[in-house]
Amino acid sequence: MEIICWCGAGGPVPVSAGNPVVEELRGGLQLFRDVRGGAPEAEPLPAGVPPARGRRVCVLEVPARVPAAELCQFLGAFLSRVHRMRLVRNDAAPGTYAALLDFDDPEPAGEFFSCFDGRPFSPLEPEVCRVVYVADLEL
């Protein structure tokens, strides 16, 4: 299996969390995608779902004007399957934040990916939800 870095510059996406006055965590979000050729014996996957997947996904570039409560409403029925949700500032894209979602099982993470990747946050706004699987998180 060949895995390549999904980020543009080949390094982690810089993220930060916390109150800068009290305590702030800084780190990098390493995103990967699988680029291996399709093996004929492999189980077919729904369109757009990468073969190497786990329980952690990231919603990239959530507009800052979308509060956390509204994001939870957007997640809808999947929220009950989320074990942990972490909101971090996406330092690479000002005016946005990222939502790290740890699901209780890989199956709902895959269903979430299929349902929400490319879906608009709002019918009145141009921004769409970009979901990626997270390979590693360093804070």
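Predicted model: local features only at pLDDT ≥ 70, side-chain atom pairs only at ≥ 80, totals over all residues.
Local features need pLDDT of at least 70, and side-chain atom pairs count only at pLDDT 80 or more, while totals for chains, interfaces and linings use all residues. Residues are numbered from 1 along each chain as its sequence is written, and side-chain values use heavy atoms, with hydrogens and water left out.

**Overall fold**

- The protein has two helices and seven strands. Both are DSSP runs numbered from the N terminus: helices are H or I with at least four residues, strands are E with at least two.
- From the N terminus, the order is β-β-β-β-α-β-β-α-β.
- Of the 139 residues, 34% are buried. Buried means under 20% relative accessible area, exposed means over 50%, and partly exposed lies in between (1.4 Å probe, protein chains only).
- The accessible surface is about 8,100 Å². Carbon and sulfur atoms hold 54% of that surface. Areas come from the Shrake-Rupley method with a 1.4 Å probe; for residues, only the protein chains shown count as cover.
- Take the contacts between residues at least 6 apart in sequence: 65% of them join residues at least 24 apart. A contact means heavy atoms within 4.5 Å.

**Helix α1**

- Helix α1 spans residues 68–75, and its buried residues are Leu71, Phe74 and Leu75.
- Seen down the axis, these buried residues fall within an arc of 100°, so they line one face of the helix. The arc is that of the directions from the helix axis to the C-beta atoms.
- An α-helix has 3.6 residues a turn, so residues three or four places apart point the same way.
- Ala69 and Gln73 are exposed on the other side of α1.
- The buried residues of α1 pack against β4 (56–63), β5, β6 and α2.
- Glycine 76 follows α1 and has a positive phi, near 55°.

**Strands β5 and β6**

- Strand β5 (residues 82–90) runs antiparallel to β6, and seven bridges join them. Strands pair if DSSP finds at least two bridges between them.
- The two strands form a hairpin with five residues between them. Glycine 95, in the turn, has a positive phi of about 85°.
- Aspartate 102 lies in β6 (residues 96–103). Aspartate 102 is the bridge partner of arginine 84.

**Aspartate 102 up close**

- Aspartate 102 is buried, with a relative accessible area of 9%.
- Its side chain makes a polar contact of 2.6 Å with the side chain of arginine 56. A polar contact is a pair of N or O atoms within 3.5 Å; within protein, one must be able to donate a hydrogen and the other to accept it, and residues adjacent in sequence count only if both atoms are side-chain atoms.
- Leaving aside neighbours within four places in sequence, aspartate 102 contacts Arg55, Arg56, Arg81, Val82, His83 and Arg84.

**Glutamate 107**

- Glutamate 107 sits in helix α2 (residues 106–116). This residue is exposed, at 53% relative accessibility.
- Glutamate 107 and glycine 54 are 53 residues apart along the chain, yet their C-alpha atoms are separated by 8.5 Å.

**Cysteines**

- The disulfide count is zero. A disulfide is a pair of cysteine sulfur atoms within 2.5 Å.
- Cysteine 58 is in no disulfide; the nearest cysteine sulfur, that of cysteine 129, is 9.6 Å away.
- Cysteine 129 is likewise in no disulfide.
- Cysteine 58 is buried at 0% relative accessibility, and cysteine 129 is buried with a relative accessible area of 0%.
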